Amino acid sequence: DSWFERAPLDISSLKPKLNKADGLWIAKADAWPENFQPQPDQWVWTAGLKTWAKLASLGIWVHGSSESLGEKELPRLEQISGKSIHWVKMTHAESAAQGDENVGTYELQAAAKIPDLSTKRFFFWSSGSQFDRAFQDYPEALQAGYHGCGPGSTHQRLLERLGSHGKVRVFLNYEDWKAHLAS
């Protein structure tokens with residue numbers, strides 16, 4: 001999205017943690033560091049199919065995706081791997097700070113201006129960072145609005161900000177939300 005620029009971080013000090021993990025959970029294709037290769041026995045799992053396709057175009061073998069399930073739905077690969085899998089999530093720095101098993105591989109730099117949301121009533125959020133950025137400028141519109149998002153961490157962020165009274169609904173993806181609005 002055009003709300004943020006993404007600046008890669010130096011991950012040289014984080015490579016031991018990444019290399020030691022059994023599985024790498026990739027939140028967004030931008031989280032994959034340039035010239036980084038997984039260990040031969042590591043599992044690579046993506047948050048969605050778009051991320052999977054982008055990584056595959058880089059020659060990264062992706063084992064699966066949580067498309068439309070959210071992060072709380074574990075891949076459950078223990079039966080295939082024969083052991084418990086220690087996952088490390090590759091994400092942006094702010095999100096990485098929210099968990100011990102998260103690694104920040106890039107920074108989000110907010111765009112100077114976002115679209116005017118003051119008269120909007122219906123919103124679909126593709127990330128918690130996008131929602132937080134909009135909430136800074138348009139808290140009243142967002143508190144009064146109707147919100148759609150996937151079932152993962154974005155959903156959790158909306159519930160934290162808007163509370164149980166917030167009008168938040170989970171959808172499989174943006175297209176599903178658009179179809180719901182049209183019906």
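1. Two strands are taken to pair if DSSP finds at least two bridges between them, and strands themselves are DSSP runs (E, at least two residues), numbered from the N terminus, as are helices (H or I, at least four). On this basis four bridges join β7 to β8, and the two strands run parallel. Phe-123 has His-147 in β8 as its bridge partner.

2. The model is predicted: local features need pLDDT of at least 70 and side-chain atom pairs count only at pLDDT 80 or more, whereas totals for chains, interfaces and linings use all residues. Residues are numbered from 1 along each chain as its sequence is written, and side-chain values use heavy atoms, with hydrogens and water left out.

3. Strands β7, β8 and β9 form, in that order, an open sheet with parallel pairing. Its edge strands, β7 (122-125) and β9 (167-170), each pair on one side only. From one strand to the next the twist averages 25 degrees.

4. Helix α8 (residues 174-182) lies across β7, β8 and β9 and runs at about 165 degrees to β7. Axes are lines fitted to C-alpha atoms, for helices over the stretch in contact (heavy atoms within 4.5 Å); angles run from 0 to 180 degrees between N-to-C directions.

5. Tyr-146 belongs to strand β8 (residues 146-149). Buried means under 20% relative accessible area, exposed over 50%, and partly exposed in between (1.4 Å probe, protein chains only); Tyr-146 is partly exposed because its value is 34%.

6. Asp-41 is placed in the loop between β2 (23-26) and β3 (43-46). Asp-41 is exposed, its relative accessible area being 61%.
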